[in-house]
Amino acid sequence: MDYGMIGKIEKAKRYAQEHERFRFQTFSVKFHGDNNDHNVSYDDGKWTCDCEYFDHHEVCSHSMALEQLLSGMLPPREE
Ligand SMILES: [Zn+2]
């Protein structure tokens, strides 16, 4: 491995610790729930989940779990 690559890997390790550098904008996740799998997605501040609870509340345990997991790495919520 060349010296340049070693430097990049070191930098990546440091970046990965610095969560404030990251802003997730769009993603989708297959969520293994206790009973079923769910498809959760996030697009520019808007969550969607295919579970029934989300249909009625526009938030659910799946979207909230991801919010906690990605704490500090999502754009601020619009209230
Ligand atoms: Zn859900």
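## The sheet

Strands β1 and β2 (residues 37–43) pair in the antiparallel sense over seven bridges, where two strands count as paired if DSSP finds at least two bridges between them. Within this pairing, T26 has D43 of β2 as its bridge partner. This is a predicted model, in which local features need pLDDT of at least 70 and side-chain atom pairs count only at pLDDT 80 or more, while totals for chains, interfaces and linings use all residues. Residues are numbered from 1 along each chain as its sequence is written.

Three strands form an open antiparallel sheet in the order β1-β2-β3. Because β1 (26–32) and β3 (46–49) stand at the edges with a single partner strand each, one side of each is left without a neighbour in the sheet. From one strand to the next, the twist averages 15°, with axes fitted as lines to C-alpha atoms (for helices, over the stretch in contact) and angles running from 0 to 180 degrees between N-to-C directions.

## Helix packing and chain order

Helix α3 (residues 61–69) packs on the sheet and touches β1, β2 and β3, its direction making about 55° with that of β2; contact requires C-beta atoms, placed from the backbone, to lie within 7 Å.

Along the sequence, the chain follows the pattern α-β-β-β-α-α, with helices (H or I, at least four residues) and strands (E, at least two) taken as DSSP runs numbered from the N terminus.

## Overall dimensions

The C-alpha atoms fill a box of roughly 55 × 30 × 15 Å along the principal axes.

Methods. Two residues are in contact if their C-beta atoms, placed from the backbone, lie within 7 Å.
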